[in-house]
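Please look over the structure before reading on.

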Amino acid sequence: MNSIQGGGFQLDNSRPHTAVVTQHALQSVDMLPWPARSPDISPNEHVWDIIRRQLQRHPQPALAVPVLTDQVQQGWNSIPQTDIRHLYDTMHTRLHTCCQNSGGYTGY
């Protein structure tokens with residue numbers, strides 16, 4: 001599997017991930033399989049959702065990349081470690097529920 005800085009790639013078949021430009025850019029990269037109807041069971045997606053909600057509540061919307069970068073970093077730094085730990089600790093249950101529901105909705 002090709003990777004960048006020791007990481008792998010996984011796409012959840014969302015519209016940006018299936019766009020022609022994305023597919024072209026990643027054509028030489030091996031992807032981890034992920035079902036098309038997959039629920040958001042990825043801990044990363046939950047963390048990004050937390051950060052997204054923080055950005056939406058921010059009094060000053062970011063109008064430049066450096067400002068957005070700082071706001072995302074602030075959002076990341078403000079996530080309590082207990083929240084991250086909870087996502088890690090519940091991964092087995094979320095995966096089990098996903099399998100039970102044949103990749104359908106899990107409520108997570």
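The model is predicted, so local features need pLDDT of at least 70 and side-chain atom pairs pLDDT 80 or more, while totals for chains, interfaces and linings use all residues. Residue numbers start from 1 along each chain as its sequence is written, and side-chain values rest on heavy atoms, with hydrogens and water left out.

The side chain of Arg53 forms a salt bridge with that of Asp49, at 3.1 Å from N to O. A salt bridge here is a side-chain nitrogen of Lys or Arg within 4 Å of a carboxyl oxygen of Asp or Glu. Helices are DSSP runs of H or I with at least four residues, numbered from the N terminus.

## Arg52 and Asp49

Asp49 also pairs with Arg52, in a salt bridge of 2.3 Å from N to O. Helix α3 spans residues 43-57, and Arg52 and Asp49 are three residues apart in it, so about one helical turn separates them. Arg52 is partly exposed at 39% relative accessibility, and Asp49 is partly exposed at 28%.

## The pair in helix α5

A further salt bridge links the side chains of Asp89 and Arg85, 3.4 Å from N to O. These two lie four residues apart, about one turn, in helix α5, which covers residues 81-89. The relative accessibility of Asp89 is 47%, which counts as partly exposed; Arg85, with 46%, is partly exposed as well.

Which residues does Ile51 touch, leaving aside its neighbours within four places in sequence? Ile51 is in contact with Val72, Gly75, Trp76 and Ile79, where contact means heavy atoms within 4.5 Å. Gly75 is 24 residues from Ile51 in sequence, yet their C-alpha atoms lie 5.3 Å apart in space.

Definitions and conventions
Buried means under 20% relative accessible area, exposed over 50%, partly exposed in between (1.4 Å probe, protein chains only).
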